[in-house]
Amino acid sequence: MSSRAIKTVVALPGEGIGVEVVNATCEVLTGAGLPLTILTPPQGAAALKSHGTALPDETKQAARAADGVLFGAAGPSSSPVVAWLRWEMSAWGGVRPITFYPGMRSPLADPTGIDYVIIRENSEGMYPGREGELTDLARVIPDLSDRTGRTLKEYGEGRFAVKVVTPTGAERIARLACRLALARKSQGKPGKVTCVTKSNVLPRADGLFQQTAERVVGETGGLQFEHFYVDDAARRLVRFPKSMDVVLCMNQYADILSDLGAETAGGLGLAPSGCFGDGWAYFESVHGSAPDIAGRGIANPTATIRSAAMMLDHMGLGAEARQLEKAVARVYRDGKTLTPDQGGTAGTRDMAKAVLSAYRSE
Ligand code: NAD
């Protein structure tokens, strides 16, 4: 049962279309009469001017104290905002649903039934970047060689990036994938975890992730496990998206595959996400600040509205979250108020208003 006590949401738009889609989403949340107080503390370029930092301490405090945090999209001036939300606050588990609703503009011939979730390991792998000069690395680890025996020294000048995989990081994300797969299984889904790595080329780093995932799925019980190399997985997400249930990916692979998955379901403007840590969560669209369309009022607000629905669910407003999802589905089914990426002529706020009106009539 949903709790009706007033809850606090901190909305951090980031920049670019993040501002447009977060404002439109807040209008939906407010117009829906949800028991929320929405705060918009300083952040991004404006905060940089007024406070000398893109994310002032008062904003961090407000976000930490809030029941829900909704982020828009990062660009060059607001990347410290997402860096704090995701990495400094250790939101290690990314949950990225890929769902097709009739009316969405999928490029696939038969997208009906696409409904799976990409789980993104958010805190390790290649991100956040750890890079340096090859010559420095060669000085510290002179004997480090690749699988052909070529040492770093032999490359001469250049750069490197470090990929990190820990048993702790792999285990906690695998457990999150299992919890989600079991929850979905109880709703009639297959109960399957598909692990994605490149362990044929990186048997120690990616191999650790794969082996940990397989062990955790086995220990959990009641779930199927399969594994694909990331190149094969990309193909399968296009060719067999309906065979997917919970797709557990290392950080960078998920970053790439979630854009691909979003596109198969209808577009990047439709894909929501939740990022979960220990006692911490925030919600954001999968897309970025889209400088190519920013400021024109035509960005699709669906990803952010659906991220808000995930946030409501997390805040204990499950019934309202489901109602909001249904309202989004209705707007696509009706097909009258869609943004240009979906073949329509509506603006961001018009589409959000249509979602609000559908919410009210659900
Ligand atoms: P992008 O996701 O911003 O845009 C990719 C393409 O998708 C663009 O053509 C854009 O117009 C379109 N698109 C994205 N969202 C849309 C929406 N809601 N409605 C309609 N069309 C939409 O990726 P990019 O252009 O590679 O990156 C732009 C900036 O965003 C960069 O600074 C990048 O670092 C940042 N970025 C941030 C995040 C994040 O905040 N989580 C994610 C990805 C990229």
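**Core and pockets**

Analyst: In this predicted model, I118 touches G94, V95, R96, I98, L237, V247, C249, A254, L257 and S258, leaving aside residues up to four places away in sequence.

User: What makes these residues count as touching I118?

Analyst: Contact requires heavy atoms within 4.5 Å, and G94 and L257 are among the residues that touch I118.

User: Which members of the largest nonpolar core touch the most other members?

Analyst: They are I118, I119, L248 and L324, in a core of 75 residues. A second core, which includes A54, V69, V82 and Y282, is separate and has 18 residues.

User: What makes up the lining of the largest pocket?

Analyst: Its residues divide into 13 nonpolar, four polar and eight charged. P97, L180, Q187, M310 and D313 lie nearest the centre of this pocket, whose volume is about 1,000 Å³. The element α11 gives the most to the lining, with six residues.

User: How do you know that D313 lines the largest pocket?

Analyst: A lining residue has an atom within 4 Å of a pocket point. D313 is one of the 25 lining residues, and therefore has such an atom.

User: Which element gives the most to the lining of the second largest pocket?

Analyst: That element is β7, with three residues. The second largest pocket holds about 880 Å³ of space, and L144, S145, D146, A161 and L202 lie nearest its centre.

Definitions and conventions:
Residues are numbered from 1 along each chain as its sequence is written. This is a predicted model: local features need pLDDT of at least 70, side-chain atom pairs count only at pLDDT 80 or more; totals for chains, interfaces and linings use all residues. Side-chain values use heavy atoms; hydrogens and water are left out. A nonpolar core is a set of buried Ala, Val, Leu, Ile, Met, Phe, Trp, Tyr and Cys residues joined through side-chain atoms within 4.5 Å. Buried means under 20% relative accessible area, exposed over 50%, partly exposed in between (1.4 Å probe, protein chains only). On a 1 Å grid over the protein atoms alone, a cavity is a set of points where a 1.4 Å probe fits but cannot get out, and a pocket is an open set with protein on both sides within 12 Å along at least five of seven lines; lining residues have an atom within 4 Å of a point. Grid points are joined across faces, edges and corners, and a volume is the space filled by probe spheres set on the points. Helices (H or I, at least four residues) and strands (E, at least two) are DSSP runs, numbered from the N terminus. Ala, Val, Leu, Ile, Met, Phe, Trp, Tyr, Cys and Pro count as nonpolar, Asp, Glu, Lys and Arg as charged, and the others, Gly among them, as polar.
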